[in-house]
Number of protein chains: 2
Amino acid sequence: MIGVIATLKVQEGKNAEFEAIFTELAKQVRANEKGNLAYALTKSRTDPLIYKVLELYTDQDALTAHGQTEYFKAAGPKMGPCLGGRPEIEYLDGV
Amino acid sequence: MIGVIATLKVQEGKNAEFEAIFTELAKQVRANEKGNLAYALTKSRTDPLIYKVLELYTDQDALTAHGQTEYFKAAGPKMGPCLGGRPEIEYLDGV
């Protein structure tokens, strides 16, 4: 199993637009990726501009496949204008 | 939905003992808590003493119930001697 914590910072005033784009992406991930076990968009309780995506995959193949989907590749350019910096991605190994 | 990222630091030489205790806890959480959607123990790729638990709950009631289970309350004293400091717990609101 592999875990991912993706931290995304949005620009002020862009929360709703970002959430709409990301929610649509998450729906596609959950509907289409057998190897994805969780893909949960959450927001910080202390900084309203910070989101964290909690992701779980069965293995590296599943994570690689996720990054190669058309909808994932399309989501980057869509949400880019909402973001206030580069996403931070932390990869974690399941125990 | 509520997300939790629990960051746990273990003492050197305590990894195996910690993992055994936590894995047993995680099994009980997944087997007994309808409101728990994920409870994944992962370890850092950059610091071998750091673990992160990625947790998802349906709502606050489910998270509260988790903290009140006998096995959760019993796990603290068991894993305490393995830890190298207080756990850091981040609560996140599902979007």
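Here is a short talk on a two-chain model, from the overall arrangement down to one lysine.

Hi everyone, thanks for coming. Please keep in mind that this is a predicted model. As for confidence, the model has an ipTM of 0.95 and a pTM of 0.96. Chain A has a mean pLDDT of 98, with 100% of its residues at 70 or more.

Let's start with the two copies. How many degrees of rotation superpose chain A on chain B? The rotation is 180 degrees, with 0.0 Å of shift along its axis, and the RMSD is 0.0 Å. The two copies are therefore related as by a two-fold rotation axis. If you want to find that axis on your screen, look for Leu54(A): of the residues of chain A, Leu54(A) comes closest to it, with its C-alpha at 3.5 Å.

And how do the copies meet? Of the interface residues of chain A, 100% are also interface residues in chain B, so the copies meet through the same surface.

Now for the helices. In general, the packing of two helices is described by the angle between their axes and the distance between the axes. In chain A, take helix 1, residues 15-32, and helix 3, residues 70-79: their axes are 10 Å apart and the packing angle is about 175 degrees. Angles over 145 degrees count as roughly antiparallel, and therefore that is the word for helix 1 and helix 3 of chain A. Which residues of chain A make this contact? From helix 1 we have Phe18(A), Ile21(A), Phe22(A), Leu25(A), Gln28(A), Val29(A) and Asn32(A), and from helix 3 Tyr71(A), Phe72(A), Ala75(A), Lys78(A) and Met79(A). Sorted by class, the residues of this contact are 9 nonpolar, 2 polar and 1 charged.

Over in chain B, the axes of helix 1 and helix 3 come within 10 Å and cross at roughly 175 degrees. That makes helix 1 of chain B roughly antiparallel to helix 3 of chain B. Among the residues in the chain B contact are Phe18(B) and Leu25(B) from helix 1, and Phe72(B) and Met79(B) from helix 3.

Last stop: Lys43(B), which sits in strand 2 of chain B, residues 36-44. Its relative accessibility is 24%, so Lys43(B) counts as partly exposed. What does Lys43(B) touch, leaving aside neighbours within four places in sequence? From chain A, the contacts are Leu92(A), Asp93(A) and Val95(A). From chain B, they are Asn15(B), Glu19(B), Pro48(B), Ile50(B) and Tyr51(B). Lys73(B), by contrast, is 30 residues from Lys43(B) in sequence and 22 Å away in space, C-alpha to C-alpha.

How values were computed. Residues numbered from 1 in each chain as written. Chains lettered and ligands numbered in written order. Predicted model: local features only at pLDDT ≥ 70, side-chain atom pairs only at ≥ 80, totals over all residues. Heavy atoms only, no water. Helix = DSSP H or I, 4+ residues; strand = E, 2+ residues; numbered from the N terminus. Buried < 20%, exposed > 50% of the residue type's maximum accessible area, 1.4 Å probe, protein only. Contact = heavy atoms within 4.5 Å. pLDDT = per-residue confidence, 0-100. Least-squares fit on C-alpha atoms with pLDDT ≥ 70 in both. Axes fitted to C-alpha atoms, helices over the stretch in contact; angles between N-to-C directions. Parallel < 35°, antiparallel > 145°, perpendicular 65-115°, else oblique. Nonpolar A, V, L, I, M, F, W, Y, C, P; charged D, E, K, R; others polar.
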